[in-house]
Amino acid sequence: MRGGVVPPALLFVALGLALAFAPRRAWAPSLLALFATLAAFAFLPVPQVWLEWIFLGCWTSVIVTAASVHLVRGLNTCSAVALSLNTGAWASAVVCLSGSQLDLLKALPWVLIFFPASWLVGRHASIAVKVASSWVIAIAVLAATLQMLPVTPGYLPDHLE
Amino acid sequence: MERAARRGSHSAWLVTAVGIGLLFSNRAAAHTGTGLPGGFVSGFVHPFTGLDHLLAMVSVGLWGAFLGRPLIYILPVVFPALMVVGAIMGMFGVPLPPVEVGIALSVLVLGASIALSFRAPVWAASLIVAVFAVFHGYAHGKELPSAADPVSYSVGFVLATGLLHVSGICLGLLNERPHGIVVTRSAGAFIAVIGAWFLFRAIGG
């Protein structure tokens, strides 16, 4: 088992942490771009044979999005919208292949982490957000590596799958 | 008439017995998963169940707080990053010197650094924590792939590790209080003694 709520939730957490370093004017277009991408991709059929690549893309996106908090000047509006589009696309694709639309709805509120994160950044406590993003990166690297292992019992289908 | 009444009584007993049986029976658990341990809760609980890991992670935060900026936040970033490197080495079975000795040494050295108030330069403190993080990650990387839900296990595990660092940093805030430094250095000495015991056991004492 590796699908469900967790991969899209981690994507949304990474995006939320990244948006905390974007200017306020970038928040609305970024969230709109995210919702639009989720809605658009939710109805696109994704071939099952792409499963491994979709997961790899998802974990890579988590790493890149979470690492963007270390950009010296933070995100500008364009890059924030681009990250939102990317997040929406990969989250939809992962859920489409290994989960349900309900998982996407359960995961989506995690993007709201940008409220407390931006509050911390505004109070010169951006270190806490950067530390949290390093934890997200660690999880994504572990998940991406597990995918490359020849046998991972948790990923083997049982008799009901 | 009497026979019908007796049959009704039997039925009532039967329904009552089945009802009581249903009330006290366990839920069917035949198809709840693959039977493998490991989800978010297992991953989260895991660092709290081993004293060696727990003490090392609290020590990282405590030492970081002791050393102040920038190490107060560099160490909690370096530790999970290198722990992942160790975990990957563990997953692929890359040979490493005895892991238990490395973990015991981490508890001893980190505890002693706090107790002796060792003001290491940034590069040295980062290097010490990085090397020990590889050993801790290696031990966990060996068991991670056998979890039923490795991603959730990783989320719980990394979150718990981070919270242990934060608790060490909070403990380190005592340094700003009068006599607080005595408390934190004593805690370091206590951790170092336990580390020495772990090392004694790991070497084969």
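The structure is a predicted model, in which local features need pLDDT of at least 70 and side-chain atom pairs count only at pLDDT 80 or more, while totals for chains, interfaces and linings use all residues. Residues are numbered from 1 along each chain as its sequence is written, and chains are lettered from A in the order in which they are written.

**Exercise 1.** Describe the secondary structure and the overall dimensions of chain A.

Solution. Counting DSSP runs numbered from the N terminus (helices being H or I of at least four residues, strands E of at least two), one finds 7 helices and 0 strands in chain A, in the order α-α-α-α-α-α-α. The radius of gyration of chain A, 16 Å, is close to the 15 Å that the globule rule gives for 161 residues, so chain A is as compact as a globular protein of that length; the radius is taken over C-alpha atoms, and the rule is 2.2 Å times the number of residues to the power 0.38. Along the principal axes, the C-alpha atoms of chain A fill a box of roughly 50 × 30 × 20 Å.

**Exercise 2.** Determine how helix 2 and helix 4 of chain A pack.

Solution. Begin with the geometry: helix 2 (residues 27-42) and helix 4 (residues 77-97) of chain A pack at about 25 degrees with axes 8 Å apart, where axes are lines fitted to C-alpha atoms over the stretch in contact and angles run from 0 to 180 degrees between N-to-C directions. Helix 2 and helix 4 of chain A are therefore roughly parallel, the term for angles under 35 degrees. Next, identify the contacts (C-beta atoms, placed from the backbone, within 7 Å): residues of helix 2 of chain A including A:Leu34, A:Leu38 and A:Phe41 meet residues of helix 4 of chain A, among them A:Val81, A:Leu85 and A:Ala89. By class, this contact has 13 nonpolar, 7 polar and no charged residues, with Ala, Val, Leu, Ile, Met, Phe, Trp, Tyr, Cys and Pro counted as nonpolar, Asp, Glu, Lys and Arg as charged, and the others, Gly among them, as polar.

Definitions and conventions: Angles under 35 degrees count as roughly parallel, over 145 as roughly antiparallel, 65 to 115 as roughly perpendicular and the rest as oblique. Two residues are in contact if their C-beta atoms, placed from the backbone, lie within 7 Å.
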